[in-house]
Amino acid sequence: MNALALRSADGTALAAQVFEPSAKPWAAVLLAPAMGVPASYYTPFARWLSQQGVAVLSFDFRGMGASRFGRGLRGFGGDLDDWLQDQDAALQALAKHCPGLPLVVIGHSLGAQLAAALPSRERLAGLLGVALGSGYT
């Protein structure tokens, strides 16, 4: 695992990690977290994916996990549009880090919902949503 510093489109610093397989990767996965769930929660899964030959980038949305930078969500002014920018910055960083590889988002809850609206979504080869809620009843 290697730490990676990202910047969202508005310049906000984000914490991220890259998990590299031991051999040349056959795909690249962006692990998009649920709201309030730190990227560290997904570390065992990211390691397992890298053992299967997949390059993985996980990140923390602004105000969460290692992207809190000394503060939590209470009183935080971020919103879904900000987190959408954050996730798009992570996807673009993964594409740059793994040129030519198919890009897949594995999103947990909010991470899967936002993936459908990413400005860079045309780059995606696939999307897997885990515990993805729906606004329809």
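A residue is called buried when its relative accessible area is under 20%, exposed when the value is over 50%, and partly exposed in between, using a 1.4 Å probe and protein chains only. By that definition Arg-62, with a relative accessible area of 6%, is buried. The structure shown here is a predicted model, in which local features need pLDDT of at least 70 and side-chain atom pairs count only at pLDDT 80 or more, while totals for chains, interfaces and linings use all residues. Residues are numbered from 1 along each chain as its sequence is written, and side-chain values use heavy atoms, with hydrogens and water left out.

A salt bridge is a side-chain nitrogen of Lys or Arg within 4 Å of a carboxyl oxygen of Asp or Glu, and a search of the whole structure finds three of them. One joins the side chains of Asp-10 and Arg-62, at 2.8 Å from N to O. This pair links distant parts of the chain, 52 residues apart, since Asp-10 lies in the loop between β1 (2–7) and β2 (13–19) and Arg-62 in the loop between β4 (54–59) and α2 (80–97); helices (H or I, at least four residues) and strands (E, at least two) are DSSP runs, numbered from the N terminus. Asp-10 is partly exposed, at 43% relative accessibility.

Arg-62 also meets the side chain of Asp-82 in a salt bridge of 3.9 Å, N to O, and here the partner sits in helix α2, 20 residues apart from Arg-62. Asp-82 is buried. A further salt bridge, at 2.6 Å from N to O, joins Arg-62 to Asp-86, which is likewise in helix α2 and 24 residues apart from Arg-62. Asp-86 is buried, as is Arg-62. Taken together, Asp-10, Arg-62, Asp-82 and Asp-86 are linked in a network of salt bridges.
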